[in-house]
Amino acid sequence: VLPENPLEQVLNATWTDETGRQWHGTEIVAEITRRGERLVYREDDQGVPRRIKENRSEALIAKELQDFRNDDRRILAYSDKGGTGANYHADRRITNQRVRRHYGVQHHWRADKEMQAFGRSHRANQAQPPWYGIAGTNVPAHKRFASSIARRMAQMGALTRGQSTAVSQGFFQETD
């Protein structure tokens, strides 16, 4: 049996909020990926979790994004396709002004594309800046690829800030 991809792992996980209430991933995660269907676990009539195919419409995707902005869903998972033209920052005009913890999971081949994706959670008029992280696996090739992207992003920081010391003051450190 193959393991689930990272998005399905997030959707099928159980999450606990600060009050101790437990949530299933599909209740707390707003998925903005433009996928037309997904596989999730649901309990059958006997209470046994079964994997089922769930259809997703544009209206459902828009509702989940609005739920995230209204703070009804605490986690946002999005892709390039889903994120085109959208802002996911802690805007002062929306209810959800929590710190955004932005994890890059499926990395781009180009550092400027990764920076653009990170920019979706870092915009003007935000209540607070986001926290960034690059997720990876223990597979040596994946670790090397993720570290290469992080290094290139740090180097871009020097270019965008116009100073030679910006690399050490960027999003990521050498250990990342």
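Select Lys53 to start: is Lys53 buried or exposed? Lys53 is exposed, with a relative accessible area of 51%; the labels here are buried for under 20% relative accessible area, exposed for over 50% and partly exposed in between, using a 1.4 Å probe and protein chains only.

Before moving on, some ground rules. This is a predicted model, where local features need pLDDT of at least 70 and side-chain atom pairs count only at pLDDT 80 or more, while totals for chains, interfaces and linings use all residues. Residues are numbered from 1 along each chain as its sequence is written, and side-chain values use heavy atoms, with hydrogens and water left out.

**Stop one: Glu37 and Lys53**

The side chains of Glu37 and Lys53 meet in a salt bridge, at 3.6 Å from N to O; a salt bridge is a side-chain nitrogen of Lys or Arg within 4 Å of a carboxyl oxygen of Asp or Glu. Glu37 sits in strand β4 (residues 37–43) and Lys53 in strand β5, so this pair ties together parts that are 16 residues apart in sequence. Strands here are DSSP runs of E with at least two residues, helices are runs of H or I with at least four, and both are numbered from the N terminus. Glu37 is partly exposed, at 42% relative accessible area.

**Stop two: Arg38**

Now pick Arg38. Arg38 is buried, with a relative accessible area of 3%. Arg38 forms a salt bridge with Glu31, and the closest N and O atoms are 2.6 Å apart. Glu31 is buried too, with a relative accessible area of 0%.

Next, show Glu64. The side chains of Arg38 and Glu64 meet in another salt bridge, at 4.0 Å from N to O. That pair links distant parts of the chain, with Arg38 in strand β4 and Glu64 in helix α3, 26 residues apart. Both Arg38 and Glu64 are buried.

**Stop three: Glu54**

Jump to Glu54, in strand β5 (residues 49–55). Glu54 is buried, with a relative accessible area of 14%. Which side chains does the side chain of Glu54 meet in polar contacts? One is that of Arg38, at 2.7 Å, and another is that of Arg42, at 2.5 Å. A polar contact is a pair of N or O atoms within 3.5 Å; within protein, one must be able to donate a hydrogen and the other to accept it, and residues adjacent in sequence count only if both atoms are side-chain atoms. Leaving out residues up to four places away in sequence, Glu54 touches Gly36, Glu37, Arg38, Val40 and Arg42, where contact means heavy atoms within 4.5 Å.

Select Arg56, in the loop between β5 and α3. Arg56 is buried, at 8% relative accessible area. The side chain of Arg56 reaches the backbone oxygen of Glu31 at 2.7 Å. Beyond neighbours within four places in sequence, the contacts of Arg56 include Arg35, Ile61 and Glu64.

Across the whole structure, the search finds 17 salt bridges.

**Stop five: the core**

Switch to Ala30, Ile32, Ile61, Leu65, Phe68, Leu76, Ala86 and Tyr88, the eight residues of the largest nonpolar core. Such a core is a set of buried Ala, Val, Leu, Ile, Met, Phe, Trp, Tyr and Cys residues joined through side-chain atoms within 4.5 Å. The elements giving two or more residues to this core are β3 (29–32) and α3. The largest share, three residues, comes from α3.

While you are on helix α3 (residues 58–69), click Ala62. Ala62 is partly exposed, with a relative accessible area of 45%.

**Last stop: the rings**

How many aromatic pairs are there? The count comes to one. Tyr78 and Tyr88 form that pair, tilted, at 4.6 Å centre to centre with 50 degrees between the planes. Rings of Phe, Tyr and Trp (its six-membered ring) pair if their centres lie within 6.5 Å; planes under 30 degrees apart count as stacked, over 60 as edge-to-face and the rest as tilted. Tyr78 is partly exposed, at 22% relative accessible area, whereas Tyr88 counts as buried, at 3%.
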